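Please look over the sequence and the structure below before reading on.

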Amino acid sequence: MTTPVLGVTVQTGLDVSGVIYSYKPIKEKADDFTVTVQNENAAGDGYIFQDTEDFSGKSAINIRKVLALPYTPIEQFGKGSIATTGTGSIEDASVIYMYRFDACRNPQNDPSCPDYIPPLPPKIKVYDALDDESVKLASKETDKDLIDDDEDSKQSNEEEKEKDRLETMLGIAANAFTIANGATQSSLINTMNFLSMDNYYLARIPTQIYKEPLVLKDQGMSDNRKVLRSLSNDRLHQTMIEEQYK
Amino acid sequence: MKKIITIGLILGLTGCSLLTSKVQANTNITGNVQSRCEVVTDITGYFGNPNAYSLTTAPASNGQVPQIRVTSTLANAYKALISYPTSFSSSPSLSNSVTWSGAVAIASASSSDMSGYQAASTLTNNGAMRTYYLTKAGTMYVTVTSTATHGGNKAFPGGQYVAVAQASCIAQ
């Protein structure tokens with residue numbers, strides 16, 4: 001089985017020792033039908049193994065078989081397949097390879113293998129900036145005039161910087177006076193606008209008693225005469241009620 | 001004269017011993033016969049309990065069908081006798097009888113030449129035992145299904161139930 005077939009790197013030392021396969025044939029008893037499980041030879045000539053079951057004229061029976069092979073390096077195994085001929089099909093096919101791994105076939109797999117050669121320490125390339133072409137190119141003098149111009153521009157830059165420094169110092173002094181002046185004015189305004197709250201806190205409100213000024217005089221109230229009539233009617237009513245119990 | 005008598009005595013004694021003793025030797029003849037038929041349990045079975053009065057190996061009822069592998073390396077030399085259980089080998093005490101049913105069938109084989117095994121097999125013991133005639137060299141995988149039903153649909157008492165499916169390989 002090569003790397004493209006397996007999908008992983010083929011390890012040297014892996015030997016296939018057998019194949020376990022199973023499948024379920026679907027066919028009519030009278031039909032001719034053969035099933036072959038096989039693996040191509042990776043070298044390109046024929047097959048590493050082929051195993052054929054002939055179901056022609058036989059009832060379908062599930063096949064489960066263990067096929068022993070001589071230890072064969074996995075590199076020799078090509079593409080595997082299940083080929084059929086005749087009328088029928090197969091279901092639930094499974095092919096499992098048995099293997100062993102000889103770790104010492106490539107002695108470098110394991111330090112305990114007899115012919116193991118300890119690997120040499122890796123060569124580390126030391127970077128020397130002086131040998132770097134880019135550095136050399138960058139540090140190379142190219143044009144004298146340009147260098148002179150650079151020096152002139154450096155001088156003018158220094159003069160400008162000095163000038164700026166002086167302006168800054170003067171600016172700082174002026175600013176200090178401005179700040180001090182501002183602080184004085186602020187204190188004067190604060191003094192002028194001073195507002196004492198003590199008068200409000202110390203004020204006393206005198207206690208006063210408010211007497212009831214309204215006096216209602218008795219002017220006399222006459223009885224309601226209509227009530228007497230109502231009472232007489234009520235008595236008459238009571239008399240009539242009592243009459244019925246006599 | 002004395003010498004002659006002595007020799008005669010020796011000869012007489014020797015002749016006497018030749019006449020009376022029996023010489024024999026026992027030689028062992030050994031031989032080994034390698035079994036050419038093998039019976040192995042591939043899958044252990046167990047019972048599911050779909051209802052109170054049934055025990056079954058059916059996977060639908062949480063049971064497991066046992067599988068037996070029979071390998072013969074010599075054609076026409078052996079026959080395989082495989083039977084489903086007809087009694088519990090161990091169980092709680094049961095008040096009612098148990099009805100057994102089951103089947104023995106080939107699940108798969110190593111060769112298409114064995115496709116006729118099932119049809120050629122015979123049944124004995126009221127259908128519980130199936131005999132396969134191993135006319136080809138190879139391996140067959142046999143499943144044994146089994147169901148036990150308690151009489152009168154009465155619930156099985158709680159406990160462990162063990163039944164044995166038997167498989168043997170004997171010379172034809």
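**Briefing on the predicted model**

In this predicted model, Gln38(A) has its place in strand 2 of chain A, which covers residues 33–41. The points below begin with this residue and then turn to other topics.

**Gln38(A) and its surroundings**
- Gln38(A) counts as buried, because its relative accessibility is 8%, and the cut-off for buried is under 20%.
- The side chain of Gln38(A) is joined to that of Gln50(A) by a polar contact of 2.7 Å.
- Leaving aside residues up to four places away in sequence, Gln38(A) touches several residues, among them Tyr47(A), Phe49(A), Lys79(A) and Ala83(A).

**Salt bridges**
- Over all chains, the structure holds nine salt bridges.
- One of them joins Asp15(A) to Arg100(A), with the closest N and O atoms 3.1 Å apart; Asp15(A) lies in strand 1 and Arg100(A) in strand 6 of chain A, so this pair ties together parts that are 85 residues apart in sequence.
- Asp15(A) counts as buried at 1% relative accessibility, whereas Arg100(A), at 37%, counts as partly exposed.
- Asp15(A) also meets Arg105(A) in a salt bridge of 2.5 Å, N to O, and Arg105(A) lies in the loop between strand 6 and helix 2 of chain A, so the pair ties together parts that are 90 residues apart in sequence.

**The largest pocket**
- The largest pocket has a volume of about 290 Å³ and is lined by 20 residues, with Gly45(B) and Pro66(B) among those nearest its centre.
- Strand 1 of chain B gives the most to this lining, with three residues.
- The lining has 14 nonpolar, six polar and no charged residues.

Terms used
Residues numbered from 1 in each chain as written. Chains lettered and ligands numbered in written order. Predicted model: local features only at pLDDT ≥ 70, side-chain atom pairs only at ≥ 80, totals over all residues. Heavy atoms only, no water. Helix = DSSP H or I, 4+ residues; strand = E, 2+ residues; numbered from the N terminus. Buried < 20%, exposed > 50% of the residue type's maximum accessible area, 1.4 Å probe, protein only. Polar contact = N/O pair within 3.5 Å; in protein donor to acceptor, adjacent residues only side chain to side chain. Contact = heavy atoms within 4.5 Å. 1 Å grid on protein atoms, 1.4 Å probe; cavity = no way out; pocket = protein on both sides within 12 Å on 5 of 7 lines; lining within 4 Å. Points joined across faces, edges and corners; volume = space filled by probe spheres on them. Nonpolar A, V, L, I, M, F, W, Y, C, P; charged D, E, K, R; others polar. Salt bridge = Lys/Arg side-chain N within 4 Å of Asp/Glu carboxyl O.
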